Amino acid sequence: METRVGPAPDAAPQVRPYHHPAAGWGAAKSVTRVLVEERELVDGPRAIMRMNHENGGFDCPGCAWPDDTKGLRLDICENGIKHVTWEMTRKRVDRAFFAAHSVTELAGWSDYDLENQGRLTEPMAYDPESDHYVPISWKEAFEVVGAALRGLDDPNRASFYTSGRLGNEATFLYQLMARELGTNNLPDCSNMCHEASGRALQAALGTGKGTVDLKDWESADALFILGVNAASNAPRMLTALAEAERRGAQIVHVNPLVEAAATRTIVPHEFLDMALFKSTRTSTLNLQPRIGGDMALLRGMAKAVLEQSASDPKALDATFVERHTAGFEEYRALCAATPWEELERQSGLSRADILRAARVYTEADRSIVSWCLGLTQHEHGVDTVREIVNLLLLRGNIGREGAGPSPVRGHSNVQGNRTCGIDHRPTEAFLDRLADACGIDPPREHGLDTVRTIQAMRDGEVKVFVAMGGNFALAAPDTAATYAALRSCDLTVQVSTKLNRSHVVHGRAALILPCLGRTEKDHQRKGVQRTSVEDSMSMVHLSLGMKRPASPHLLSEPAIVAGMARAALPDSETPWDWYIEDYDRIRDTMAVALDGFEDFNRRVRLPLGFRIKQPARELVFLTPSGRAEFSTAALPDVVPEPGTLALGTMRSHDQWNTTIYSDDDRYRGVKNLRTLVFMNRADMRERGIADMGAVDITSTAKDGSHRYLKGYTAVPYDIPRGCAAGYMPEMNVLCALGDYSTQSDQPIMKHVKVTIVPAAGG
């Protein structure tokens, strides 16, 4: 077993306020440490120079922030380099490793230590008699999958999960396989992250995506960043924020915690600033609403705009509203009827703070509103995103340069997954085109999303679970329920690059199928292949691996999908092998099947690729009214009940989704500690909790059941009264499987109802 690099697990926790700029020398030091630890001082820098470049480069497997439009040579970030270096590690998990360690033993290891063993090298199958994974050939592995799927009495007894790292070509083949089998059970990570954004934008504008691109960010007069920890989740956004501040744009950050990205930054590729330790402000206003209070803030800003328009007609773009929207008068009446006192109570902000934000908005000619999971992982996530659109519509901030809604997708191709068919609720139009292009008869009934897949596995209704990437066991809510669900399956299949928790929490039969990483060359019969991805602003571009594969026994993700499909569908007329010989052939079929992908192979080879058309950007609204629709949802009551707190889960800086690089969180001043809860100091005093004191946390689900975490450390932090925060995936146990939004079906991981008390016996 490889030992942990860095502090020992029992190293003393430290918490000190962080006062330095985001990125800069702290990021450079962190990157250097990672390169040294992974022994990648040659290939690591080479990879850095090839990442996020359209000519022969590979796309960062981290976040989905768009590639620079100005030819920036170092369009990179600290977390992207960590992600790539973690994938390029020289450590290997081979058959000797699995022979030496039983699954029961591995289940007792930390998540860090599991992934730190290195890259998987060949297919493995679980042997229940020995409790070990043992080698299996690819042919045998595919036959295991095929036999399990062919043996189901109903194709809906299988579910096919996708993480956001899967490329477009593999995504298209994966959904094609599932639908040819006869199911729309295609859960994905969007079901847990941005489902609310897609549903809200679809209802309001007729598109499930944002309307802006990076050039709009470069010309906006005001940027509103809500529920985003950019320095950790989308670090390349720091460049856009720094450039916006220098040109005089206003930048408003809205978050219960003032994160490092909302203060100052030193952008690493700006070498003179690095040398002179010269930082740039990344905000002009920081607002800290209570958890869940963003909708009240947004409505308060809209109310202020409408009140101002009574004396200043320019505050409202009446011409735009009249020509392009529906439901305005009802929304105006709703805002007028909402008292300021209620807006203050629900937002946790003063009227003066709300008016300050509204003033920034009305004084800007062009505004962008951007958001992430801080807004979506709530019961009322759809309503909140629709409130963003309401606000934008009031001043005509849709369909013109430098303005519009801009969701920040967290994983590199999560938006492309949905575009290319990973959707448990496909439209009839999509299915019709797929049927015509591929000669199949796809099922029409809706399938299972992530939460309902877990429920169906737990209840014995889903027997086979296949995951393309990700770490489902840790990413999903209600950890105990998710574990039990996976263990109830007849077969679980994990397509992965590295060992993780989902390999040791498995079905009665289990396969580990190791795949190529984004950094590696994909050799097929017609030569080295490229794959495409879609960023969070709808740009589609190619990615070309540069490194020799970690093992000669690895297959590409498209090849693994094709292998499973051949075995599961022996009579299929889909040319699976022909597709894998040359991915251009897959893209030619996608060009016929997918709206916006016409002439795919030519357009994706253009510099920076191409942007998928966005009708709403052209003021074409594919809604029932043919106009942009105002929403008149009631404000939710988000004020915690007496004695309770609203807890939001989040990532530390030194992790990526469920991958944990260390127990540190540099931007929040934390070292050697993950089992913590950030609390307002007054809330701590009220409960008799000492600084760094041990506490017990109890969550209360909608059904009245409870979940517990014992012996956590309470850390005083600048967070509103009534709010608390801590790290996922450790805190996922607190979010009950049944606690999902009735609007989006997303788990409400940002709004868990908890009580926190001094630890028993502490």
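Which residue lies over the face of Trp656, and at what distance from the ring centre?

Analyst: It is Arg651, at 4.1 Å from the ring centre of Trp656. Keep in mind that this is a predicted model.

The whole structure holds 22 aromatic pairs. Phe597 and Phe610 form one of them: the ring centres are 6.0 Å apart and the planes stand at 90 degrees, so this pair is edge-to-face. The two residues are 13 apart in the chain and belong to distant parts of it. Phe597 sits in the loop between α29 (583-593) and α30 (600-603), while Phe610 belongs to strand β23. Phe597 is buried, at a relative accessible area of 0%. Phe610 is buried too, at 5%.

Now take a second pair, Phe678 with Tyr717. The centres of these rings are 4.6 Å apart and the planes meet at 50 degrees, so the pair counts as tilted. Phe678 lies in strand β29 (residues 676-679), and Tyr717 lies in the loop between β31 (706-716) and β32 (723-727). The pair therefore ties together parts 39 residues apart in sequence. Phe678 is buried, with a relative accessible area of 0%.

Ring pairs also build a cluster. Its members are Phe97, Phe98, Trp109, Tyr126 and Tyr133.

Back to Phe610 and its strand. The sheet here is open and has 3 strands, in the order β21-β22-β23, paired antiparallel. The edges are β21 (531-534) and β23 (610-611), each pairing on one side only. Between β21 and β22 (residues 539-543) there are 4 bridges, in the antiparallel sense. Val533 stands opposite His541 of β22. Helix α8 (residues 168-181) packs on this sheet and touches β21 and β22. The direction of α8 makes about 90 degrees with that of β21.

Tyr126 and Tyr133 are among the cluster members. Strand β5 covers residues 124-127, and β6 covers 132-135. Both strands belong to an open sheet of 6 strands, ordered β6-β5-β18-β17-β16-β7, with mixed pairing. Its edges are β6 and β7 (158-162); each has a single partner strand, so one side of each is left without a neighbour in the sheet. On average, neighbouring strands of this sheet are turned by 20 degrees against each other, direction ignored. β5 pairs with β18 (residues 509-514) in the antiparallel sense over 2 bridges. There, Ala125 has Leu511 as its bridge partner. Helix α27 (residues 557-568) lies across β16 (464-468), β17 (491-496) and β18, and runs at about 160 degrees to β16.

In α9 (residues 195-205), 9 of the 11 residues are buried, so the helix is largely enclosed by the rest of the structure. The buried residues include Glu195 and Arg199. Packing partners of the buried residues include β14 (367-371), α20 (381-394) and β24 (628-629). Just after α9, Gly206 takes a positive phi of about 85 degrees.

Last, a residue at the surface. Ala760 lies in the segment after β33 (752-758). Ala760 is exposed, with a relative accessible area of 70%.

Conventions:
Residues are numbered from 1 along each chain as its sequence is written. This is a predicted model: local features need pLDDT of at least 70, side-chain atom pairs count only at pLDDT 80 or more; totals for chains, interfaces and linings use all residues. Side-chain values use heavy atoms; hydrogens and water are left out. Buried means under 20% relative accessible area, exposed over 50%, partly exposed in between (1.4 Å probe, protein chains only). Contact means heavy atoms within 4.5 Å. Two strands pair if DSSP finds at least two bridges between them. Axes are lines fitted to C-alpha atoms, for helices over the stretch in contact, and angles run from 0 to 180 degrees between N-to-C directions. Rings of Phe, Tyr and Trp (its six-membered ring) pair if their centres lie within 6.5 Å; planes under 30 degrees apart count as stacked, over 60 as edge-to-face and the rest as tilted. A charge sits over a ring if NZ of Lys or CZ of Arg is within 6 Å of the ring centre and within 35 degrees of the ring normal.
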